[in-house]
Structure formats: C-alpha cells, structure tokens
Amino acid sequence: QDELKKLLTELKKGGKKEILVFDTVEMLQDAFVDEVFEDPSLSDAFREKMSGVLWGRVKKELLKKILDLFVNLGNTAIFTIHTSAEYIGGKPSGRIKSKFLAPFFQLCQAVAVLERDKLPALTVA
C-alpha cells in the first residue's frame with residue numbers, strides 16, 4: 001500500500017495523466033483486509049466473534065483509502081477480477097460470483113463483464 005501511495009503521489013506531482021491497471025484487484029483488496037484483521041489492538045476472541053463488524057470496517061477503510069488515492073489524481077484506474085459461476089447444491093444458479101468488494105463498485109463509472117470462450121481441444125498428430 002505504501003508503494004502504491006508513493007507511485008500515485010509521484011504521478012500527481014509530475015502532472016502526468018496515466019491509466020493505472022490493477023490485474024487483478026484481489027491482491028490490493030487482500031492487503032486492505034489483512035490490515036484490518038491483523039490490527040494488533042484486536043484480540044483473537046474479538047476477531048472471531050465480531051468478524052461481521054470487521055468486514056464492515058474493511059469496506060469502510062477500503063472506500064476511504066481508494067478515495068484518498070484516486071479521486072483527486074485525475075487518472076483512470078482499471079481494475080480486473082476473475083469471476084466464476086455460482087453453484088448451489090451442486091447445480092449452477094445462473095449467477096456469477098466474484099471477490100470484488102462493494103467499495104470498488106461504488107466508485108466505478110463503468111463495469112464490463114467479459115466471458116472467455118472455451119479453448120478448442122488440442123489434437124496431436
């Protein structure tokens with residue numbers, strides 16, 4: 001996170017307009033999650049019993065930090081994620097699930113869902 005903040009500060013100082021691509025955003029999200037859950041002031045018992053509260057804290061901190069990092073920079077950020085089909089009781093539900101946390105969606109100006117075609121079977125001659 002410190003390296004990201006340093007990079008974005010340098011971009012702002014230089015007046016550069018850059019497109020920042022985070023492929024995939026899960027690594028950035030995981031860093032924020034770890035920061036909240038690994039807070040040394042929290043006991044293990046609190047983490048276990050209050051995980052719902054901590055997830056609210058993760059989302060709040062993530063939104064705050066993203067706003068701090070990007071809103072005033074005038075840059076474009078592109079975040080990618082991997083999705084998979086959701087299964088309930090061993091059957092496809094028709095919905096897609098991802099690890100994209102809500103604060104990113106709150107800031108998105110556009111969201112595109114791209115599907116990868118299955119690769120053709122390879123044949124050895």
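**Close-up views of a predicted model**

**View 1. A salt bridge joins the side chains of D44 and R47, with N and O 2.9 Å apart.** The model shown here and in the other views is predicted. D44 and R47 both belong to helix α3, and because they are three residues apart, about one helical turn separates them.

**View 2. R57 and D39 form a salt bridge across distant parts of the chain.** Their closest N and O atoms lie 3.7 Å apart. R57 sits in helix α4 (residues 51–70), while D39 is in the loop between α2 (26–37) and α3 (44–49), and 18 residues separate the pair. R57 is partly exposed, with a relative accessible area of 35%.

**View 3. R95 and E86 meet through their side chains in a salt bridge of 2.7 Å, N to O.** How accessible is R95 here? R95 counts as partly exposed at 48% relative accessibility, and E86 is partly exposed too, at 21%. The salt bridge count for the model is three.

**View 4. I19, V21 and I78 make a nonpolar surface patch of about 280 Å².** I19 belongs to strand β1, which covers residues 19–23. With 58% relative accessibility, I19 counts as exposed.

View 5. Along the sequence they follow the pattern α-β-α-α-α-β-β-β-α. The chain has 125 residues, 24% of which count as buried. Its accessible surface is about 9,900 Å², with 55% belonging to carbon and sulfur atoms.

Definitions and conventions:
Residues are numbered from 1 along each chain as its sequence is written. This is a predicted model: local features need pLDDT of at least 70, side-chain atom pairs count only at pLDDT 80 or more; totals for chains, interfaces and linings use all residues. Side-chain values use heavy atoms; hydrogens and water are left out. Patches are made of residues with over 30% relative accessible area and no salt bridge: like charges are joined within 9 Å, nonpolar side chains (Val, Leu, Ile, Met, Phe, Trp, Tyr) within 5 Å. Accessible areas come from the Shrake-Rupley method with a 1.4 Å probe; for residues, only the protein chains shown count as cover. A salt bridge is a side-chain nitrogen of Lys or Arg within 4 Å of a carboxyl oxygen of Asp or Glu. Helices (H or I, at least four residues) and strands (E, at least two) are DSSP runs, numbered from the N terminus. Buried means under 20% relative accessible area, exposed over 50%, partly exposed in between (1.4 Å probe, protein chains only).
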